[in-house]
Amino acid sequence: MGNALRFLYGNCCKPKTQESDHGSVTAGVSALVHDLFNYENSSQVPERLSQHVASSKKAQAKWYNKLLQAWKGAKPPPKTAEQASGLIIQTLKGHPKADVEGLLRFYGLPLPYNWNEIPAAEVFPPRTEGVQYELQTYPVDAKCIADGDGLTVYVDVADPREAPHVPKAVRSAVSRRSKARASRDYRTADALQTNIADAGYGVVKGPNNEDILAKMYRIRMRGIDAPENQQLYGKEAKQELTKLLQGKSLTIGVYGEDQFGRLVGDIHCNGQFVQKTMLRKGHAWHFEKHDKRSEFKKWEKEARDARRGLWASPNPQKPWEWRKNNPRDD
């Protein structure tokens, strides 16, 4: 009993160096797995949790029993901070909101902007047919969102998919950049930063404000086509996608590459299937030529019938038709 949880803890979720209660969100997920593993073997809840919640130890034990069963039943189990947060919220639905928030803060996990926006069926993204692999990203910077269906993301090079492929020249440039910044040689540091970016990598800030090397990927969302930024309603579509993704880690199911070298994928964030949200709110068209999923057509029709978003216009121009007369350079 508990072999799956024990394997997860022992092989991929051992807690990393932590600060305050549990430090970074990555360490928080690891710490949660550790505490569930410990509860399964000892029936004990974390001692310091009572500093964050009002409920009794007996009530806390009931939470951990529910969370343990929910974690074991999740297929697949949570991998990101957002997924772990979603599992806690759904499992402890009906319990005092302040206690659930306290539990999330104890593990350094994100609180939702809207407690009603995390449907249980979508906390864990399903592995759709055709998906070749998944990416787990760092939180998205608003500056990295290009338009209503495209963005740039960064993935930890410590990921097993990435680690073997990082060029030595890139790792060397990161080290030299750090030394240049320490000596206030910002000209050299900026030149090295450019070299790192040209190689397809970036330096992002970690939970302790440390520099972390990350692989950069350009993403094109599969199955939808938002108005271009220069089109009517293009800016609104970009603003909505920014609102959905800014500051959040993503799970991206990758199908392949497009003609511009972008990865084409499904995006899941905070329990939401992002393409679904964009279509239902009227911020994008169903790109049926490249994706035949019937649910996409249904979600677009919902927005059309309700005249939401771009459908408030009597005759919105299809973005692929707009592009015929306005070819892009990339």
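Trainee: How many aromatic pairs does the count come to here?
Mentor: Welcome! This is a predicted model. Rings of Phe, Tyr and Trp pair if their centres lie within 6.5 Å. By this rule, the count of aromatic pairs comes to eight.

Trainee: Are the rings of phenylalanine 106 and tyrosine 107 stacked, tilted or edge-to-face?
Mentor: Look at the angle between the planes, where over 60 degrees counts as edge-to-face. The centres of phenylalanine 106 and tyrosine 107 are 4.9 Å apart and the planes stand at 75°, so this pair is edge-to-face.

Trainee: And what about phenylalanine 287 and tryptophan 320: which kind of pair do they make?
Mentor: Here the ring centres are 5.2 Å apart, and the planes meet at 10°. Planes under 30 degrees apart count as stacked, so phenylalanine 287 and tryptophan 320 are stacked.

Trainee: How many residues apart in sequence are the parts that this pair ties together?
Mentor: Phenylalanine 287 lies in the loop between strand 9 (285-286) and helix 10 (294-306). Tryptophan 320 belongs to helix 11 (residues 319-325), so the parts tied together are 33 residues apart.

Trainee: Is tryptophan 320 buried, partly exposed or exposed?
Mentor: Buried means under 20% relative accessible area and exposed means over 50%. Tryptophan 320 has 25% relative accessibility, so tryptophan 320 counts as partly exposed.

Trainee: Which residue lies over the face of tyrosine 255?
Mentor: For a charge to sit over a ring, NZ of Lys or CZ of Arg must be within 6 Å of the ring centre. At tyrosine 255 the distance from the ring centre is 4.0 Å, and the residue is arginine 222.

How values were computed
Residues are numbered from 1 along each chain as its sequence is written. This is a predicted model: local features need pLDDT of at least 70, side-chain atom pairs count only at pLDDT 80 or more; totals for chains, interfaces and linings use all residues. Side-chain values use heavy atoms; hydrogens and water are left out. Rings of Phe, Tyr and Trp (its six-membered ring) pair if their centres lie within 6.5 Å; planes under 30 degrees apart count as stacked, over 60 as edge-to-face and the rest as tilted. Helices (H or I, at least four residues) and strands (E, at least two) are DSSP runs, numbered from the N terminus. Buried means under 20% relative accessible area, exposed over 50%, partly exposed in between (1.4 Å probe, protein chains only). A charge sits over a ring if NZ of Lys or CZ of Arg is within 6 Å of the ring centre and within 35 degrees of the ring normal.
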